[in-house]
Structure formats: structure tokens, C-alpha cells
Amino acid sequence: LTATLLLFVLMGVPAGYTSANTYKSLKGVEWKTATILTAFLYPSLIALTFFVLNFFIWAQGSSGAIPFTTMIALLLMWFCISVPLVFVGAFFGFKAQLKDPPTRTNEIPRQIPEQAWYMGAAFNVLMGGILPFGAIFIELFFIMTSVWLQRFYYVFGFLALVLLILLITCAEISIVLCYFQLCNEDYHWWWRAFLTSGSSGLYLFAYSIMYFHTQLDIIGFVPTLIYFTYMLVFATLFFLVTGTIGFYACYLFVWTIYGAIKVD
């Protein structure tokens, strides 16, 4: 856990750089807002969630509650190390030279034609999350059993293979649906590319509800709250990771196919 916290804090520079450089490449102008959101949005939500959860654990008098001094130390690590590193990374990210776009774009956006029902954003996003979730479905059962039922988990080699399959699946499903979207003259691909593979986090949380009712015998409000809070945090993290994979896969895909166009 200590190594994970230190890694998260020290990854502020890559996070700020990647966020700023990607935002700049998409012609974003609110660079201050983008940097602040990178530094504060996800960590603040997680910190608030665990603070509220810790309050309920305190009320129960449990020894599993995080001490107040530890919480202060974590906040100091966040504000004094992680946040400045994010701003340093964002500074270099915005200063970095971008490659020239593969093709010129029109100054006036083209009108997007009316789409068929199966090309709608909601349908594509919900369908896109099924395959990534299916890639980890079996392994997820054993991981949750290890965490919540105190079983031993030792097939880490197979877990690495499953994660590789997950990465490939997220990239492929996002690229395929992005290609269909572009073929239908809908060029607003970026958020849909992120949500397409990221929606697998929704299926993961739905699975955690089914797992709770079929595999666990948790009794009491606070233990139930702990379970669903942890699973919600994990599902959110899974959503962000898989969504990021899908977005950058489509980013490279769009750059490649338009770079292959020959313009006289």
C-alpha cells in the first residue's frame, strides 16, 4: 500500500505532461482548468469518499479506522508533492512542440447527418463495454474471492496475460466503433472513444452487486457500506484505465488513417 501511494504521488509529472500535451493537441484553450482538474478531480473524490467511510468506521469503534494523523500525512503528500509535480508536468506538456496534423481541417465544422439508432452514443457506449468486461470476467471472480473471502491467489502469470488481453480488447473495440462512427460522418469521436471501453467499469460494478448477493454473507450497514465503497472506487478506477486505453488507441488510429491520405 505504501509503494502504491508513493507511486501515485510521484506520477504527478507524467500525469500533468500527458494531460497538458493531449489537451493542447485537441486545440483546448482552458489550460488552467485542465491542469487543476488533473491535480484535484480524481484525488479529491477518492479522499472525500474514504474520509466519509472512515467516519462511519470510527463511529463503530473499529480498529480498522485510519488514524487522524495518517490522514493529515496523506493530505500533505498530496498537496505538497503530487499537486506541484502535476503543475510541473503540465508546464512542460504545454511547452512541448506538437507534430503537424496529418491533414488540414475545415474552419467551419461540417453538419453531422442524422444517425441510425444503432449508431447512437448511448447504445455504442453500453455495447462497447461488454467485451472488455468479458475478457476479465472469470479472473475477476477469483480476485474478488481472494479479497473478500480471504482465499489465496497465486496465478499472477495468468493475471498478467488477462491484463494484456484486456488492453488489446479495449483498444480493438474502441477502434472498431470509432471507425464505424467516422464512416457515418460523425467526427465527434474523442469522448465516445473514452466512454466506449470505459463503460466496462459499469458492468464491473453491476457484477459486484451480484457477487454481494450470491457469494457473501455480509451483515450490517457499515460492512455493506465498506464493500460497496471499495467496489465503487475500484470500478471508477477501472473505468478511467480502460477509457484511457480506448481513447489513446483511437487517437493513434485516427492520426494514422488520416496520415495515410494523399492530398495533392
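Contact is taken here to mean heavy atoms within 4.5 Å, and helices are DSSP runs (H or I, at least four residues) numbered from the N terminus. With these terms, Ala15, Gly16, Ser19 and Tyr23 of helix α2 meet Trp31, Ala34 and Thr38 of helix α3. The structure is a predicted model, in which local features need pLDDT of at least 70 and side-chain atom pairs count only at pLDDT 80 or more, while totals for chains, interfaces and linings use all residues. Residues are numbered from 1 along each chain as its sequence is written, and side-chain values use heavy atoms, with hydrogens and water left out.

Confidence comes next. The mean pLDDT (the predictor's confidence in each residue, from 0 to 100) is 88 for the protein, and 98% of its residues reach 70 or more.

Two helix pairs can now be described. Axes are lines fitted to C-alpha atoms, for helices over the stretch in contact, and angles run from 0 to 180 degrees between N-to-C directions. Helices α2 (residues 12-25) and α3 (residues 31-59) pack at about 145°, with axes 10 Å apart. The residues of this contact comprise 4 nonpolar, 3 polar and no charged; Ala, Val, Leu, Ile, Met, Phe, Trp, Tyr, Cys and Pro count as nonpolar, Asp, Glu, Lys and Arg as charged, and the others, Gly among them, as polar. For helix α1 (residues 2-10) and helix α4 (residues 68-95), the axes come within 8 Å and cross at roughly 35°. Here Leu5, Leu6, Val9 and Leu10 of α1 meet Leu74, Met77, Ile81, Ser82 and Leu85 of α4, giving 8 nonpolar, 1 polar and no charged residues.

Attention then turns to the nonpolar cores, each a set of buried Ala, Val, Leu, Ile, Met, Phe, Trp, Tyr and Cys residues joined through side-chain atoms within 4.5 Å. Buried means under 20% relative accessible area, exposed over 50%, and partly exposed in between (1.4 Å probe, protein chains only). The largest core has 16 residues, and Leu140 and Tyr211 are among those with the most contacts inside it. Helices α6, α7 (156-183), α9 and α10 (221-259) each supply at least two of its residues. Apart from this core lies another, of 10 residues, including Phe194 and Phe247.

Leu140 sits in helix α6 (residues 130-148) and counts as buried because its relative accessibility is 3%. Leaving aside neighbours within four places in sequence, Leu140 contacts Phe133, Leu204, Tyr207 and Phe234.
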